[in-house]
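Here is a briefing on a predicted model.

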Amino acid sequence: MHYISQIMNKTVTPFDMPDGIDVAWCPGCGNHMLLKAVKSALHELGIDRKNLVMVSGIGQAAKSPQYIKANMFNGLHGRSLPAALGIKLANRNLVVVVESGDGDMYGEGGNHFLHAIRRNIDITVIVHDNMVYGLTKGQASPTSQRGMTTPLQENGVMLEPFNPLAVALALNAPFVARAYAGDVERTKEIVKQAIAFKGFSIVDVFQPCVVFNKVNTYQWFKERTVYLPENHNVRDRTGAFGLAIQQDKLLLGVFYRNEQRERYEDQMGIGTIPLYQSNPLDEEAFQKLVNNYL
Amino acid sequence: MYQDISMVFSGAAGQGVQTITGALLHVLKKYGCNVFSCSEYMSRIRGGSNSTEIRITEKKRDAYVRRIDMLFALSHNVVEHLKDRISSKTLIFAEKEKFGDQWGDSCIDTPLTKFAVEAGSAGFSNIVAAGVVLGMFGIPLELFTAYLQVKFAAKGEEIATKNCIAAKLGYSFGRDTAATANISLQISIPAAMPERVLMDGSTALGIGAVAAGCNFISSYPMSPGTGLLTFLANRTKEYGIVVDQAEDEIAAINAGLGASYAGARAIVTTSGGGFDLMQEGVSLAGMIETPIVIHIGQRPGPATGLPTRTEQGDLNLALHAGHGDFARVIFSPGTLAEIIDTTQQAFNLAQRYQIPVFILTDQYLLESVSTIEAASVKRRTVETFLVKTTETYQRYAFTDDGLSPRGVPGYGDGLVRVDSDEHDENGLITESFDIRRRMVEKRLNRIRSLMETACMPTFIGSVDQAETLVISWGSNRWVLEEALDVLGNRAFGGIHFSQVFPLNPVINSLFENKRLFVMENNATGQFADLLSFETGRRISRKILKATGEPFTVEEVVDALHQSDHE
């Protein structure tokens with residue numbers, strides 16, 4: 001099988017955890033391939049793991065930082081983005097990469113997703129989008145397709161699926177991409193571009209769940225996904241929106257790039273000195289503060 | 001002749017009550033008086049009926065009284081709104097031209113608008129009103145005009161001059177009225193008054209936070225907690241503070257914890273309803289052992305409750321917030337000095353013990369204005385406990401006291417890995433029951449030290465000789481102190497807690513052979529129950545109020561007086 005050959009062909013990176021670590025993912029899960037793509041991307045970008053913080057919420061996808069040798073903030077379900085925001089604002093020298101699943105990012109954390117895009121802070125968000133809840137055993141996720149039956153949605157999913165790319169484009173997210181975990185090499189290239197991008201970058205990654213999602217399988221994705229053409233205009237937001245809502249073929253690649261949007265941290269005037277190096281007020285400055293109220 | 005005067009200024013929202021009281025507080029303080037003000041207002045932007053009480057006293061009295069000696073009525077419905085507080089002794093100042101004779105003989109016709117128009121515009125009527133008060137009490141006019149010159153300097157000389165004319169017209173009227181009605185203020189001003197600063201509770205909280213080295217806040221606006229957010233937002237450049245308005249309170253506390261993980265000294269501010277949303281974050285702080293300071297400005301609940309009113313109903317919430325077992329500290333300051341000091345302690349304790357630390361205030365405390373001697377505003381040393389990591393660094397290394405040296409990402413050669421799942425010393429997920437047992441112990445081990453170093457309460461009056469101890473926490477300190485003073489009964493002593501959790505075990509000995517009363521601004525006696533639970537002692541009486549208003553000195557005196565005759 002294609003995916004096994006990709007995993008076996010293991011690349012050594014500074015982000016590899018010690019051998020023998022207990023990985024909680026199912027055999028055949030797309031997470032394994034995405035992990036490999038992300039580690040390779042980090043390695044090829046020459047990122048120093050001491051300056052990298054992997055941030056996640058909760059779920060199977062959110063365990064990814066457990067398996068990457070770097071700093072880690074494995075927070076609460078749905079809350080990876082606020083935590084990542086705090087980390088980046090406290091020390092903008094850090095490379096901040098968020099990895100979480102579709103339920104975590106688009107369901108529990110939906111409001112944070114909207115407002116993180118509005119802020120445009122320089123972090124990268126990689127969403128493992130398998131269109132199903134895995135860790136809670138097979139319920140519908142925000143991206144589940146209508147009609148899919150689950151133990152909870154016995155008569156099929158009734159809700160319109162969340163379209164992360166369209167939502168991101170509507171909010172003028174400055175870097176919007178989609179990848180397919182089954183293609184490690186091209187996923188790696190997209191992730192590299194996203195991390196190198198100076199601003200908020202989102203990569204929604206299609207990824208089969210071999211245990212709970214019997215609809216969106218490797219075969220299903222293989223038949224429906226196709227890469228954007230070479231001559232795709234990444235500056236055309238309206239065009240990108242049309243491609244994002246297209247149903248017959250699911251497009252992969254970088255949909256949109258906008259280097260012109262000002263970053264939140266720049267607008268705030270945040271410098272390169274991290275907050276842990278802030279100097280507290282001296283006695284004179286303190287007296288001055290108090291004396292404003294004389 | 002007044003030796004302790006309570007003046008109330010009341011009108012609709014947007015009428016400028018704040019302009020009058022702001023000017024008066026400033027000028028009276030400059031003159032050397034002890035001043036205090038507190039405000040009550042409706043949850044609306046315009047209209048309704050709001051009021052601010054100003055007290056001028058010889059002895060420092062920072063407490064709300066029910067009695068109104070002078071009422072400045074700026075709109076029709078004022079007297080109806082305040083009828084329970086008006087007596088035959090209340091002098092009402094109002095414009096007869098506007099409101100007619102409805103308030104009878106006790107009303108002194110005060111043509112504010114007429115003088116204001118004479119000065120150039122009806123808009124100056126608030127300055128006229130302040131002038132009337134200062135004229136009645138013979139406070140030098142120059143103090144007022146100097147204040148106006150500074151305040152309106154930016155608006156040009158013409159505006160400043162017109163304000164001064166308005167002030168003078170009001171002042172002359174006040175002086176004449178005082179002579180006719182035989183009004184005077186008999187307060188002796190010490191020759192050498194120490195320098196004092198004038199501020200509200202929110203400002204004190206802001207000063208405390210800046211002094212504590214706070215450099216990060218992410219919060220969502222909610223009355224009455226917003227004051228701190230605004231204070232810090234207006235000083236980002238000056239003090240290097242990162243301020244983020246969050247999309248919701250969940251985001252706020254998670255951003256605070258992210259920033260704290262990366263080495264910021266972070267605070268969040270909210271009120272009870274917003275804090276409800278933060279609870280998962282409190283639990284996260286407990287699990288990842290990451291410092292965070294949480295300010296809850298209490299207001300009456302449940303749900304939206306009375307958004308602009310006051311209560312102390314969220315002690316149980318702060319005490320029990322967050323699932324699972326972990327350590328926490330709750331401060332409950334009751335004076336400006338206590339706010340400034342406990343806020344600094346909160347940051348240091350959060351850093352030292354790697355825990356969430358709460359500061360519980362309320363609308364009454366945050367929005368009351370009073371003075372404090374400048375020299376008594378103290379800065380504590382900013383304590384940081386960060387280590388530079390080495391390659392073998394483990395964020396959750398087991399130690400004797402349960403506290404692992406805390407590193408931050410990017411500082412040193414190690415990796416800092418934190419996890420909301422149960423984790424091993426490296427921060428990696430584990431389901432080992434043995435590690436779980438040790439981690440639980442580790443997280444709780446610090447409680448003993450937190451108890452032993454907990455702040456001792458403050459004694460009010462003769463605690464040793466008293467048969468009954470009246471206990472307060474948070475904003476009730478001054479009202480208790482004044483009530484005990486007025487009561488003048490040595491059988492009663494007071495104890496005030498500016499830290500309500502954990503309690504120092506030493507307090508148990510203070511309660512030996514005493515009858516215990518607890519007064520608090522809530523419906524069930526939350527602190528009384530906590531105290532009883534923690535010390536095993538019976539609370540003889542709970543003095544409670546949950547109307548949305550603060551206690552008045554009079555009602556506490558009455559309550560204690562009754563007890564004395566029981």
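Chain B has an open sheet of 8 strands, ordered β6-β5-β4-β1-β3-β2-β14-β7, with mixed pairing. From one strand to the next, the twist averages 25°.

**Conventions**
- The model is predicted: local features need pLDDT of at least 70, side-chain atom pairs count only at pLDDT 80 or more, and totals for chains, interfaces and linings use all residues.
- Residues are numbered from 1 along each chain as its sequence is written, while chains are lettered from A and ligands numbered from 1 in the order in which they are written.
- Helices (H or I, at least four residues) and strands (E, at least two) are DSSP runs, numbered from the N terminus.
- Two strands pair if DSSP finds at least two bridges between them.
- Axes are lines fitted to C-alpha atoms, for helices over the stretch in contact; angles run from 0 to 180 degrees between N-to-C directions.

- Strand β2 (residues 34–40) of chain B pairs with strand β3 (residues 47–57) of chain B. The two are antiparallel and share 7 bridges.
- B:S39 faces B:T52, which belongs to β3(B).

**The 7-strand sheet**
- A further open sheet of chain B is built from 7 strands, in the order β9-β8-β10-β11-β13-β12-β19, and its pairing is mixed.
- β9 (242–245) and β19 (499–501) of chain B form the edges, each pairing on one side only.
- On average, neighbouring strands of this sheet are turned by 20° against each other, direction ignored.
- Strands β8 (residues 216–219) and β10 (residues 266–270) of chain B run parallel and are joined by 2 bridges.
- B:F216 has B:A266 as its bridge partner in β10(B).

**Helices on the sheet**
- Helix α11 (residues 249–261) of chain B packs on the 7-strand sheet. This helix touches β8, β9, β10 and β11 (292–298) of chain B (contact: C-beta atoms, placed from the backbone, within 7 Å). Its direction makes about 165° with that of β10(B).
- Helix α14 (residues 336–353) of chain B lies across β11, β12 (329–331) and β13 (356–362) of chain B. The angle between α14 and β13(B) is about 160°.

**Cis peptide bonds**
- B:S223 and B:P224 are joined by a cis peptide bond, with omega about 0°. B:P224 sits in the loop between β8 and α9 (226–233) of chain B.
- The peptide bond from B:F501 to B:P502 is also cis, with omega near -15°. B:P502 is placed in the loop between β19 and α18 of chain B.

**Positive phi outside glycine**
- A:K137 is not a glycine, yet its phi is positive, about 80°. This residue lies in the loop between β4 (124–129) and α6 (164–170) of chain A.
- Why does A:K137 count as exposed? It has 12 other C-beta atoms within 10 Å, and the cut-offs are 12 or fewer for exposed, 20 or more for buried and partly exposed in between, with C-beta atoms placed from the backbone.
- B:E289, also not a glycine, has a positive phi of about 50°. Its place is the loop between α12 (272–288) and β11 of chain B. B:E289 is buried, because 22 other C-beta atoms lie within 10 Å.

**Helix α18**
- B:S509 lies in helix α18 (residues 507–510) of chain B. With 7 other C-beta atoms within 10 Å, B:S509 is exposed.
- B:S509 and B:P224 are 285 residues apart along the chain, and their C-alpha atoms are separated by 37 Å.

Key
Contact = placed C-beta atoms within 7 Å.
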